[in-house]
Amino acid sequence: MRWTSTIDEFIELDDGSLIYENDEIKYLGIHFDKNLTFKKHTSIVSCKVNRMVNSFWKMPNIEIATKKLIYHSLVESHLNYGIVIWASSLSKNVLTDVSNDKIPNNLKSVKKSQNKVVRAIFRLPKFDKYKQKYTDMSPLYKKLGVLKLKDLYWFNIATLCYDFFFNKEFPEKIKTNFIKKSDMYSMSTRSIEMEL
């Protein structure tokens with residue numbers, strides 16, 4: 001663990017040791033701040049993803065399938081690690097925005113970095129001077145067969161939910177934080193009959 005602190009508040013224990021309040025902590029590779037905005041973590045992920053842009057631009061003669069394999073191993077692995085935690089602000093849009101296309105401000109840098117990498121794979125500029133329009137990203141993601149940041153988040157949430165319902169080896173410590181709707185209600189419903 002790495003600790004950083006800008007606050008001089010502390011608690012003194014009986015043995016004379018001091019416990020300081022921290023603004024930020026790194027735990028299992030994810031940077032938590034005291035407000036759970038994950039600004040530092042998203043900037044670190046964004047930097048790691050941005051490092052790959054130049055590499056993809058320098059691969060003009062490599063097939064798209066090979067670039068996709070490199071993308072999965074060197075880019076998506078950084079995006080995927082702990083995304084359920086650090087990208088949790090995406091779930092706030094479910095209640096407020098029906099289209100769910102908006103990305104929260106703290107995740108925009110990561111989304112932009114991912115878009116840069118996908119454009120670099122296809123060797124396309126952000127703005128096409130001849131067509132006088134910005135490159136549409138959705139067809140590129142579809143053609144490459146990879147998930148956008150928000151889709152990657154929802155895929156991981158769905159995987160977590162599936163494991164909760166159907167994986168017998170799902171950790172009990174995590175299972176205690178979830179409640180099945182069938183356990184909440186005593187009346188007979190279809191979900192209880194299906195044992196969900």
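Tutor: Start with exposure. Buried means under 20% relative accessible area, exposed means over 50%, and partly exposed is in between. Keep in mind that this is a predicted model.

Student: How does Lys-26 count by relative accessibility: buried, exposed or partly exposed?

Tutor: Lys-26 has 33% relative accessibility, so Lys-26 counts as partly exposed. Lys-26 sits in strand β4, residues 24-27. His-41 is 15 residues apart from Lys-26 along the chain, and their C-alpha atoms are separated by 9.0 Å.

Student: Is Asn-156 buried or exposed?

Tutor: Asn-156 is buried, because its relative accessible area is 17% and the cut-off for buried is under 20%. Asn-156 belongs to helix α7, residues 149-166.

Student: Which residues is Asn-156 in contact with, leaving aside neighbours within four places in sequence?

Tutor: Asn-156 is in contact with Asn-80, Ile-83 and Val-84. Asn-80 takes us to helix α2, residues 64-80.

Student: How are two packed helices described?

Tutor: By the angle between their axes and the distance between the axes. Take α2 and α7: the angle is about 60°, and the axes are 10 Å apart.

Student: What is the orientation of α2 and α7 to each other?

Tutor: Angles under 35 degrees count as roughly parallel, over 145 as roughly antiparallel, and 65 to 115 as roughly perpendicular; the rest are oblique. α2 and α7 are therefore oblique to each other. Their crossing is right-handed.

Student: Which residues meet where α2 and α7 pack?

Tutor: From α2, Glu-76, Leu-79 and Asn-80; from α7, Leu-149, Leu-152 and Asn-156. By class, the contact of α2 with α7 has three nonpolar residues, two polar and one charged.

Student: Now α2 and α5. At what angle do their axes cross, and within what distance do they come?

Tutor: The axes cross at roughly 165° and come within 11 Å. Helix α5 covers residues 108-122. The cut-off for roughly antiparallel is over 145 degrees, and α2 and α5 are therefore roughly antiparallel to each other. The crossing of α2 with α5 is right-handed.

Student: Which residues make the contact of α2 with α5?

Tutor: α2 brings Ile-64, Lys-67, Tyr-71, Val-75 and Leu-79. α5 brings Val-110, Gln-114, Val-117, Val-118, Ile-121 and Phe-122.

Student: How many residues of each class are in the contact of α2 with α5?

Tutor: Nine are nonpolar, one is polar and one is charged.

Notes
Residues are numbered from 1 along each chain as its sequence is written. This is a predicted model: local features need pLDDT of at least 70, side-chain atom pairs count only at pLDDT 80 or more; totals for chains, interfaces and linings use all residues. Side-chain values use heavy atoms; hydrogens and water are left out. Helices (H or I, at least four residues) and strands (E, at least two) are DSSP runs, numbered from the N terminus. Buried means under 20% relative accessible area, exposed over 50%, partly exposed in between (1.4 Å probe, protein chains only). Contact means heavy atoms within 4.5 Å. Axes are lines fitted to C-alpha atoms, for helices over the stretch in contact, and angles run from 0 to 180 degrees between N-to-C directions. A crossing is left-handed if the near helix is turned anticlockwise from the far one by less than a right angle, and right-handed if clockwise. Ala, Val, Leu, Ile, Met, Phe, Trp, Tyr, Cys and Pro count as nonpolar, Asp, Glu, Lys and Arg as charged, and the others, Gly among them, as polar.
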